[in-house]
Amino acid sequence: MKKIHMDASVYLFEIDDVLYPKKDYILQVFYLFSNFVEYTEGKSVAKDLLAFLKEAYEHDGEEIALRRAMELFGLEAKYEENYERLRANAHLPLKLFLKEDIKALLLELFGQNKHVAILTDGNPVEQLNKLKHLDWQELSPYLTKVKIYFFRELEFRNIDPFDYIMQEYHVNRDQIYQIS
């Protein structure tokens, strides 16, 4: 992570690949999806499907991995909808862990009484689900101070996210530092 200047008043964080590695979430969703397919189809495919999804994801990304898996394993289109629903609402088997450098930064920011918020550009249901599965460890006492803003939701309401956040915290744009 690049050096963060500490003279801002408000620090905005994205969730994916900032607070935690997005791959940690996606691989757990793949695990759940593979087991769902195996259960639904009544065929022993979970292990092979998971291995394929993981390798394809690492080489081609999530969307292509899922599309290729659907073709290779002969899955009906309904499974794509099931995957999307699972991705948004998954009850993960394992916790997600904050990146160590981010945890240290957050502790420093809270120690200096800085405002910390999350400004995320993703499906609000899915992003909240990810936050629910994060293990905040020693940052847990500070969570009541963290506000969450959804970029798309604010834009949908014709509200500029940064203007809104400036009003919320009574600061100028140059007093906001975004980490994405």
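Trainee: What does S180 touch, not counting residues up to four places away in sequence?

Mentor: S180 touches E14 and V18 under that exclusion, where contact means heavy atoms within 4.5 Å. The model is predicted, so local features need pLDDT of at least 70 and side-chain atom pairs count only at pLDDT 80 or more, while totals for chains, interfaces and linings use all residues. Residues are numbered from 1 along each chain as its sequence is written, and side-chain values use heavy atoms, with hydrogens and water left out.

Trainee: Why is S180 called exposed?

Mentor: Its relative accessibility is 69%, and exposed means over 50%, buried under 20% and partly exposed in between (1.4 Å probe, protein chains only). S180 therefore counts as exposed. The residue is found in the segment after β6 (176-179); strands are DSSP runs of E, at least two residues, and helices are runs of H or I, at least four, both numbered from the N terminus.

Trainee: Why does R87 count as buried?

Mentor: R87 has 13% relative accessibility, so it falls on the buried side of the cut-off. R87 lies in helix α4 (residues 78-89). Leaving aside neighbours within four places in sequence, R87 is in contact with K22, Y25, I26, V29, E62 and E126.

Trainee: What makes the pair R87 and E126 a polar contact?

Mentor: Their side chains come to 3.4 Å. A polar contact is a pair of N or O atoms within 3.5 Å; within protein, one must be able to donate a hydrogen and the other to accept it, and residues adjacent in sequence count only if both atoms are side-chain atoms. R87 also belongs to a network of salt bridges that links D16, E62, R87, E126 and K130.

Trainee: What makes K130 and E126 a salt bridge?

Mentor: The N to O distance is 3.1 Å, and a salt bridge is a side-chain nitrogen of Lys or Arg within 4 Å of a carboxyl oxygen of Asp or Glu. K130 and E126 are four residues apart in helix α6 (residues 124-133), so about one helical turn separates them. An α-helix has 3.6 residues a turn, so residues three or four places apart point the same way. Both K130 and E126 are buried.

Trainee: How many salt bridges does the structure hold?

Mentor: The structure holds 14 salt bridges. One of them joins R157 and E153, with the closest N and O atoms 3.7 Å apart. R157 is partly exposed because its relative accessibility is 46%, and E153 is partly exposed at 37%.

Trainee: Which residues touch the most other members of the largest nonpolar core?

Mentor: F13, L19, F33 and L106 do, out of 46 residues. A nonpolar core is a set of buried Ala, Val, Leu, Ile, Met, Phe, Trp, Tyr and Cys residues joined through side-chain atoms within 4.5 Å. The largest share of this core, seven residues, comes from α1. A second, separate core of twelve residues includes L12, L154, I165 and Y169.

Trainee: What puts the buried residues of α5 on the same side?

Mentor: The buried residues of α5 are I102, K103, L105, L106, L109 and F110. They cover an arc of only 165° around the axis, which puts them on the same side of α5. These residues pack against β1, β3 and β6, and on the other side E100 and G111 are exposed.

Methods. Arc of directions from axis to C-beta.
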